[in-house]
Amino acid sequence: MATANSRPTVLPGDEIDPSLIPQSKNKPLRLGPGLRHIPPNTILPTVAGQLITLPHKSSMWVEYNSNRYTPTASDLIIGTILRSGPDFYYVSLSPYTASATLPHLSFEGATKKTRPQLVPGSLVYARVTLANKHMDPELECASASTGKADGLGPLTGGMVFDVSLGFARRLLMGRSRQEGKVEVLELLGGDEGKLSFETAVGRNGKVWVGSENTKTVVIVGRALKETDEKGLGVEAQRKLVRRLVKETR
Amino acid sequence: MPREVEPSLNEKQFVLQALQENLRLDGREIDQYRPLELTFGDQYGVADVTLGKTRVLAKASAEVTVPYTDRPLDGIFTIATELSPMTSPAFELNRPTETEVLLSRLLEKTVRRSNALDTESLCLIAGQKCWSVRVDVHVLSHDGNLIDAACFAVVAALRHFRKPDTSMEGGVLTVYTPAEREPVPLSWLHSPFCITWSFFGDQGEIALLDATWVEEQIRVASCTISLNRHGEICQIAKLGGTPVDAVALLQCSGVALTKAKEFSTYLDGKLAEDTKKRNKGGLLAELSAENDR
């Protein structure tokens, strides 16, 4: 990688080179996932990964891949409804972990009478609003301030595919092609694949793919899983898409 | 004990719809297995089988014990199956789930009751001493079709296994260490393999081989056929579920035979490869105390 020096690999407990820590007079330093502040002025990585620093935003975090999802506020996730309570839906974010709560009225335009009736097993695309260490996380499907859904809500039809957390994060990056090195979805939808489909990516390692055509969903799912499991680069992704499209035509 | 997670409604509907259009999520044909891989350990009798993401490890071992009083001329042969919480948090030690009971019963019926291992050859002194052969099956990762993978692992481990050589002289039984005499293979009669079909749809009209975990969760019935490469069926287990047409089952058993032949050829190839690797300089034939028959 060209920017290898600006993205050093750190291990848990490593000392961080003080020259890498952004120094800013007017902005306080913001620490992201994987870093821990030990007062007065020690910063230690708690996971193994690439240390990323943004001097102009005065922030730093560790980019890493894992399989276990820990909810963080403002994450977009895909959850499965477990059951409905008097005021909340209980939603599972990952298997064998505590369920999250989603208020019945936290959907766009929902009132007591018009709220969506979700049966156990249905999928929702939601945002984490509250994530504390010893409490069940809370979710919302409509922004609390504007009341708009912004694409969140129940997911109907389609299929969910499990991917690693790092891959889900790469897919969600604003410029996933340059920063995350994932181009597979653009290729499938573009000239290479000419497929029409929609996706929703959850930070909990789930990707929902919907399309009118069942075959399209299968191709997109296979492409995503293979890219993730084999760690394919951009060129390899292009080859993979070509192969998959050819195979099924 | 946490419950096994269930696939969501969207997943269930989609997998069924795709199957009706003859598509599988991983792009396989309906009668195609995931890539099967077998590796033997450094010791004799260790077989590690991976079938896609399912992984099973089988270890065979032998010790000298007293035979059962009602069967003084037979050795003892047991298969111990254990699904540990390492496989999935839904499994708990010492509290067998339905999957575990079915798995051990099927292995028992396939390998033990079909007399794949000649237990009479395990007898050393009638009524006093015999070999007790034990196979431990460890499921390391569960992504569906445990039965086929576990059965293949058990058969591979037993065929790879060598027990210490023994001799009887004037009523004295001697068990030789591997340094003194090359260990001898078990007396193996035939290699049965399990082939599991899963059925989908209201009438069970769609039949698949080698179902993954998701497919297993939504199937309406399953049928395990155990047979060897000569087409001798050891058992057929269809435990409950939707009734399936008899003609369809006949077709299934026809395909199962070709699969069993493929498994058998693959296993023979792997065993030959392993023997070649161990037989450095071609000295194994001289060390062996076995007679050619």
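Are Y89(A) and F107(A) buried or exposed? In this predicted model, both Y89(A) and F107(A) are buried.

**Aromatic pairs**

Over all chains, the structure holds 6 aromatic pairs. In one of them, the ring centres of Y89(A) and F107(A) are 6.4 Å apart and the ring planes stand at 80°, so the pair is edge-to-face; the cut-off for that class is an angle over 60 degrees. Y89(A) belongs to strand β8 (residues 88–92) of chain A, whereas F107(A) is in the loop between β9 (100–103) and β10 (123–130) of chain A, so the contact ties together parts that are 18 residues apart in sequence.

Another pair is found in chain B. Y33(B) and F263(B) are edge-to-face, because their planes meet at 75°, with ring centres 5.2 Å apart. Y33(B) lies in the loop between α1 and β1 (36–40) of chain B and F263(B) in helix α5 (residues 246–278) of chain B, so this pair ties together parts that are 230 residues apart in sequence. Y33(B) is buried, at a relative accessible area of 12%, and F263(B) also counts as buried, at 8% relative accessibility. Y33(B) and F263(B) belong to one aromatic cluster together with F152(B), F193(B) and Y266(B).

**Charges over rings**

Arginine side chains sit over tyrosine rings in both chain A and chain B, as the table shows.

| Arginine | Tyrosine | Distance to ring centre |
|---|---|---|
| R83(A) | Y90(A) | 4.3 Å |
| R181(B) | Y176(B) | 4.1 Å |

**Two helices of chain B**

Helix α1 (residues 9–20) of chain B has 12 residues, which at 1.5 Å a residue should span 16 Å; the end C-alpha atoms are 17 Å apart, in agreement with that value. Which residues of α1(B) are buried? They are N10(B), E11(B), F14(B), V15(B), A18(B) and L19(B). Viewed down the axis of α1(B), these buried residues fall within an arc of 155°, so they line one face of the helix. Just after α1(B), N22(B) takes a positive phi of about 65°.

Helix α3 (residues 146–160) of chain B has 15 residues and reaches 21 Å from its first C-alpha to its last, close to the 21 Å expected at 1.5 Å a residue. α3(B) is mostly covered, with 14 of its 15 residues buried.

**Layout of chain A**

Chain A is divided into domain 1 (9–63), domain 2 (76–156) and domain 3 (160–247). The centres of domain 1 and domain 2 of chain A, taken over C-alpha atoms, are separated by 33 Å. An unreviewed UniProt entry places the feature "domain: K Homology" at residues 158–214 of chain A. Over residues 158–214 of chain A, the chain is 26% helix and 25% strand, and the end C-alpha atoms are 8 Å apart.

D150(A) lies in the loop between β11 (138–140) and β12 (153–155) of chain A. D150(A) is exposed, with a relative accessible area of 58%, because exposed means over 50%. The C-alpha atoms of D150(A) and E138(A) are separated by 18 Å, and these residues are 12 residues apart along the chain.

Definitions and conventions
Residues are numbered from 1 along each chain as its sequence is written. Chains are lettered from A and ligands numbered from 1 in the order in which they are written. This is a predicted model: local features need pLDDT of at least 70, side-chain atom pairs count only at pLDDT 80 or more; totals for chains, interfaces and linings use all residues. Side-chain values use heavy atoms; hydrogens and water are left out. Domain bounds come from an automatic or database domain assignment. Helices (H or I, at least four residues) and strands (E, at least two) are DSSP runs, numbered from the N terminus. The expected span of a helix is 1.5 Å times one less than its number of residues. Buried means under 20% relative accessible area, exposed over 50%, partly exposed in between (1.4 Å probe, protein chains only). The arc is that of the directions from the helix axis to the C-beta atoms. UniProt positions are given in the numbering used here, feature names are shortened, and annotations may be inferred rather than shown by experiment. Rings of Phe, Tyr and Trp (its six-membered ring) pair if their centres lie within 6.5 Å; planes under 30 degrees apart count as stacked, over 60 as edge-to-face and the rest as tilted. A charge sits over a ring if NZ of Lys or CZ of Arg is within 6 Å of the ring centre and within 35 degrees of the ring normal.
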